[in-house]
Amino acid sequence: MRRFLVLSTIIGMTIAGGAVATAPLWAQGQPSAPPGKRDAALVKSGTYEADPHHTLVEWQVDHMGFSPYFGLFGDITGTLQLDPKAPENAKVSVTIPVAKVTTASPGLTEHLLRGPKEAGGKADFFGPSPAAATFVSTAVRRKGADEAEVTGNLTLNGVTKPVTLSARFYGAGPVPAQMGGGENVGFEATTKISRSAFGIGFGVPMVSDEVQLKIAAAFIKK
């Protein structure tokens, strides 16, 4: 019996030790504040890569005049060249995997990626295996201490159109070493597009032609 109690204690201590070792950073000691701050002085010059785990594009349409409906694009990749002393010279290029569109309705997601009803016909929305969308900036115009207009070319569904984003600096700072380290910078941005202008006019006007885009962009310094 005594040997069993000793063995149980050893096993318990081992499991507890493993739990501490693998627990998230915030479970091992509550940080006093998040590492990122809305302080432009923390932005470092250089080339950044989009963080695919924390960069999202939310799209929203009007559904029959009854309610808004939104979905997401994630797993976004790309680069940002940034000099805080000359923000108007910033350049951004991102790739958005349309095939990974996410909605709360499996049926809608399937419809968005469904092929044409007839051979040689046109898909209602993106169709199966759609090409990724891209946005490449062409100009940045500063509007305030932490805001700017970012103009660029959006390519979606094989069509390229100019789009202007209203962007706002969200935060910057170093990431804790326990979470990978490196310098991070993040932005919010919004814009509106006409989906029919990109050849995706199915269902208009029951589902609005206008699509509101809300972007959360996180970048990690290379």
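1. A salt bridge here is a side-chain nitrogen of Lys or Arg within 4 Å of a carboxyl oxygen of Asp or Glu. Arginine 168 and glutamate 188 meet this rule through their side chains, at 2.8 Å from N to O. Arginine 168 lies in strand 8 (residues 159-174) and glutamate 188 in strand 9 (residues 183-194), 20 residues apart; strands are DSSP runs of E with at least two residues, and helices are runs of H or I with at least four, both numbered from the N terminus.

2. A word on the source: this is a predicted model, where local features need pLDDT of at least 70 and side-chain atom pairs count only at pLDDT 80 or more, while totals for chains, interfaces and linings use all residues. Residues are numbered from 1 along each chain as its sequence is written, and side-chain values use heavy atoms, with hydrogens and water left out.

3. The count of salt bridges comes to 6. One of them joins lysine 100 to aspartate 75, with the closest N and O atoms 2.4 Å apart. Another brings lysine 143 and glutamate 149 together at 3.7 Å.

4. Now for the rings of phenylalanine 73 and phenylalanine 126: their centres are 6.2 Å apart and their planes at 65°, so the pair is edge-to-face (Phe, Tyr and Trp rings, the six-membered one for Trp, pair with centres within 6.5 Å; planes under 30 degrees apart are stacked, over 60 edge-to-face, the rest tilted). Phenylalanine 73 is buried at 9% relative accessible area, and phenylalanine 126 is buried at 17% (buried is under 20%, exposed over 50%, partly exposed in between, with a 1.4 Å probe and protein chains only).
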